[in-house]
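Have the model open in your viewer and the sequence beside it.

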Amino acid sequence: MSWTSIPHAHEYWKSCQRRAEPPPNLEDAETFILTTRPATAQDAACILDVIYANGGDPRCDGLDHAALGRIKGFLAAA
C-alpha cells in the first residue's frame, strides 16, 4: 500500500494492529510511520503512539530511537 502521510499510515496501522491476524503490510505501515520526518504536531503524536504501543520494548532495527530523535528535532525547531 502507498502511504501518503503519517496520519494516513497511522489510521491504517491503528485499525489493524489489534487484529488476531494482522495483514502482512502492517509492518510496512509501522516502518513508514517510524521513518518519516514529522512536519506537524499530529505527525509527532502518531509516531509516539506507535512507539508507545510497543510498551517501551525497543525495536531491534532501531527505528523507534531514530523516530524519537526526529521528534526531538521537530520540537526543538518549533
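Which exposed residues does the face of H4 turned away from its buried side carry? They are His65, Lys72 and Ala76. Before going on, some ground rules: this is a predicted model, where local features need pLDDT of at least 70 and side-chain atom pairs count only at pLDDT 80 or more, while totals for chains, interfaces and linings use all residues. Residues are numbered from 1 along each chain as its sequence is written, and side-chain values use heavy atoms, with hydrogens and water left out.

Helices are DSSP runs (H or I, at least four residues), as are strands (E, at least two), and they are numbered from the N terminus. Buried means under 20% relative accessible area, exposed means over 50%, and partly exposed is in between (1.4 Å probe, protein chains only).

Back to H4, which covers residues 63–77. Its buried residues are Leu63, Asp64, Ala67, Arg70, Ile71 and Phe74. They sit on the same side of H4 because they cover an arc of only 120° around the axis, where the arc is that of the directions from the helix axis to the C-beta atoms. What do the buried residues of H4 pack against? The answer is H2 and helix H3 (41–53).

Now turn to H3. The buried residues here are Asp43, Ala44, Cys46, Ile47, Val50 and Ile51. Seen down the axis, they fall within an arc of 160°, so they line one face of H3. On the other side of H3, Ala41 and Tyr52 are exposed. The cover over the buried residues of H3 includes H1, H2 and H4.

How do H3 and H4 lie against each other? Their axes are 10 Å apart and they pack at an angle of about 155°, which means H3 is roughly antiparallel to H4. (Axes are lines fitted to C-alpha atoms, for helices over the stretch in contact, and angles run from 0 to 180 degrees between N-to-C directions. Under 35 degrees counts as roughly parallel, over 145 as roughly antiparallel, 65 to 115 as roughly perpendicular, and the rest as oblique.) The contact, meaning heavy atoms within 4.5 Å, involves Ala41, Ala44, Ile47, Leu48 and Ile51 of H3 and Asp64, Ala67, Leu68, Ile71 and Phe74 of H4.

H2 is another neighbour to check out. The axes of H2 and H3 come within 9 Å and cross at roughly 125°, so H2 is oblique to H3. At this meeting point, Glu30, Ile33 and Leu34 in H2 meet Cys46, Ile47, Val50 and Ile51 in H3.

Let's stay in helix H2 for Thr31. Thr31 counts as partly exposed because its relative accessible area is 27%. Leaving aside neighbours within four places in sequence, Thr31 is in contact with Arg59 and Leu63.

Last stop: Gln17, in the loop between helix H1 (6–16) and helix H2 (26–35). Again leaving aside neighbours within four places in sequence, Gln17 is in contact with Leu26 and Ala53. Gln17 and Val50 are 33 residues apart in sequence, and their C-alpha atoms are 9.8 Å apart in space.

How values were computed
Expected span 1.5 Å × (residues − 1).
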